Structure formats: C-alpha cells, structure tokens
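Here is a short briefing on one protein model. Keep the sequence and the 3D view open as you read.

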Amino acid sequence: MTDTTTARLLIIGPPGAGKGTQASRIAERYGVPAISTGDIFRANIKGGTPLGKQVQAIIEQGELVPDSLTNEIVEDRLQQADAVGGFLLDGYPRTVEQVHALDAMLRPVGAGLDAVVLLEAEVDEVVARLLKRAELEGRADDTEEVIRHRQEVYAEQTAPLVALFSERGILVSVNGLGTVEEVADRIAQGLDAKLGARVGS
Ligand code: B4P
C-alpha cells in the first residue's frame, strides 16, 4: 500500500490483456477494493441467482450485459463501506453510456476517476492467452469464436473510451506484454507518477 490518499482507479484493455490478473495487485498496492463486473456476473451465474440467469446467455455469447443492469450493480457496489475511500474498477465502464453513469454516481461526492490504466496487447497475443485459459479453467466464453467476438465488441464499444480518458488527462498507457511481474512494475510506476502529480498539484 502506497499511502492513504483516496484513489479511484480503473483498469481497461482488451479481453485477455491481463486486467483481472493485475487488478488484485493494484488494489493491494493502493489499499482499495478491486471491483470486477465480470467476476460479479460469474459469481451470480455460478450461484444460479435471478441476475445470473438473466446474464448467462449474454456472457456466453460474448455480448455486453445491458448498460442499465450493469450500472445498477456498480452503483450498489460503490455504496458499500469499503468502496467509500476509493476503488479499482476492472471491466467497468465498458461503454460511453457507462462512463456517463459512473460520472453521475461520483458527482454527489464531488469526485471523479483519478487514473485509468490502459493495458495494451496485440489481438494474437490476447487470443492465445484466452485459449490457454480455456484449457485450464473452461470458461464458457473462452471458445475461439466467442473470444474473437469479444475482441470485436471491445474495439467497437470500449476502445473509444480511451480517447475520452486521455482528454481528461487521467490515462496511463502500459504495455501488457511480458511477465506478470514486469507488467505490474510498469503499472505501479505509471500510476505512482500520475497519482503523485495529482497530490502535488
Ligand atoms: P471480464 O470478466 O471483464 O472478462 P475479460 O475482458 O476477458 O477479462 P479478464 O479479466 O477475464 O481477463 P484478463 O484480461 O485478466 O468480462 C467478461 C464478460 O462479462 C464480458 O464479455 C461481458 O459479457 C460481461 N461484462 C463484464 N463487464 C461488463 C460491463 N461493464 N458491461 C457489460 N458487460 C460486462 O486476462 C486473461 C488471461 O491472460 C488470464 O488467463 C491470465 O492468466 C493471462 N495473463 C494475464 N497476464 C498475462 C501475462 N503478462 N502474460 C501471459 N498471460 C497473462
């Protein structure tokens, strides 16, 4: 944990770039909870909850869960006590509409995101990683066809968010290739510089 300053962070990148892998490390370093919408959906599918039944087919096809449903879940999660002092969002927001919803959620506390980590990786590399994960974990949305579709959905709906965060001056671009430790070190350096600049400003 670096210091006690509130950190509201997001990690974004194509499926397979290593978001989930790096999220727990970032969260630990900054002393905030990691909140993954993908993990929330998967836990509900596993538990057979009404939400899980609602989103199962959508996720297995590699489509995005509707914004209204996803926004509601995140709004509820961010109101929990552990997220009041900061958080790391993993996989949310994923559409322009979700960015606007998050802005509205943070407005009452006069806050916004402090930094956004963009994890960059080539399509061939991320597809290879996810096919490897398919062998190990057997996730229903890790078939080659669905993996490729998820990349297209990312390019169409999520990649445009990068320009938006860049305009806000909060983007930290990190090369996602290399070992998990190498990538983690790059993220830590980039985030420390960005958050340090914020504290010093
Ligand atoms: P997510 O859970 O976010 O799935 P993902 O994009 O594939 O990322 P994930 O975290 O699993 O993989 P990672 O990049 O860490 O979303 C799943 C689905 O939920 C979506 O398709 C959508 O349907 C729905 N959903 C989620 N959020 C939503 C939202 N906001 N709105 C609407 N719908 C939403 O990397 C994966 C693999 O790479 C791992 O196997 C890992 O071991 C490996 N890896 C990581 N780092 C590596 C490295 N440095 N070298 C080699 N391999 C590495």
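The largest pocket takes at least two lining residues from each of β1 (7-12), α1 (19-30), α2, α6 (123-137), α7 and α9 (180-200). Helices (H or I, at least four residues) and strands (E, at least two) are DSSP runs, numbered from the N terminus. This is a predicted model, in which local features need pLDDT of at least 70, side-chain atom pairs count only at pLDDT 80 or more, and totals for chains, interfaces and linings use all residues. Residues are numbered from 1 along each chain as its sequence is written, and side-chain values use heavy atoms, with hydrogens and water left out.

**The largest pocket**

- A pocket is found on a 1 Å grid over the protein atoms alone, as an open set of points where a 1.4 Å probe fits, with protein on both sides within 12 Å along at least five of seven lines.
- Lining residues have an atom within 4 Å of a point.
- Grid points are joined across faces, edges and corners, and a volume is the space filled by probe spheres set on the points.
- The largest pocket holds about 1,100 Å³ of space.
- Its lining has 46 residues, and G16, K19, R133, R139 and R150 lie nearest the centre.
- Helix α2 gives the most to this lining, with five residues.
- By class, the lining of the largest pocket has 17 nonpolar, 17 polar and 12 charged residues.
- Ala, Val, Leu, Ile, Met, Phe, Trp, Tyr, Cys and Pro count as nonpolar, Asp, Glu, Lys and Arg as charged, and the others, Gly among them, as polar.

**The second largest pocket**

- The volume of the second largest pocket is about 220 Å³.
- R8, E75, L78, Q79, A83, V84, F87, M105, L106 and V109 line the second largest pocket.
- Two or more of these residues come from each of α4 and α5 (96-106).
- This lining divides into seven nonpolar residues, one polar and two charged.

**Helix pairs**

- Two packed helices are described by the angle between their axes and the distance between the axes.
- Axes are lines fitted to C-alpha atoms, for helices over the stretch in contact, and angles run from 0 to 180 degrees between N-to-C directions.
- Helix α2 (residues 37-47) and helix α4 (residues 67-78) have axes that come within 11 Å and cross at roughly 100 degrees.
- That angle makes α2 roughly perpendicular to α4.
- Angles under 35 degrees count as roughly parallel, over 145 as roughly antiparallel, 65 to 115 as roughly perpendicular and the rest as oblique.
- T37, I40 and F41 of α2 make the contact with T70, I73 and V74 of α4, where contact means heavy atoms within 4.5 Å.
- The contact of α2 with α4 has four nonpolar, two polar and no charged residues.
- Helix α7 (residues 144-158) and helix α8 (residues 160-167) have axes that come within 5 Å and cross at roughly 40 degrees.
- The helices α7 and α8 are therefore oblique to each other.
- In this pair, Y154, A155, E156, Q157 and T158 of α7 meet P160, L161 and V162 of α8.
- The contact of α7 with α8 has five nonpolar, two polar and one charged residue.

**Buried or exposed**

- Buried means under 20% relative accessible area, exposed over 50%, and partly exposed in between (1.4 Å probe, protein chains only).
- L88 is found in strand β3 (residues 86-90) and counts as buried, at 0% relative accessibility.
- Leaving aside neighbours within four places in sequence, R77 is in contact with P33, I35, D82 and A83.
- R25 belongs to helix α1 and is partly exposed, with a relative accessible area of 36%.
- Q79 lies in the loop between α4 and β3 and counts as exposed, at 59% relative accessibility.

**Along the chain and in space**

- R25 and A188 are 163 residues apart along the chain, and their C-alpha atoms are separated by 9.2 Å.
- Q79 and E182 are 103 residues apart in sequence and 34 Å apart in space, C-alpha to C-alpha.

**A cis peptide bond**

- Most peptide bonds are trans.
- The bond from Y92 to P93 is cis, with omega near 0 degrees.
- P93 lies in the loop between β3 and α5.
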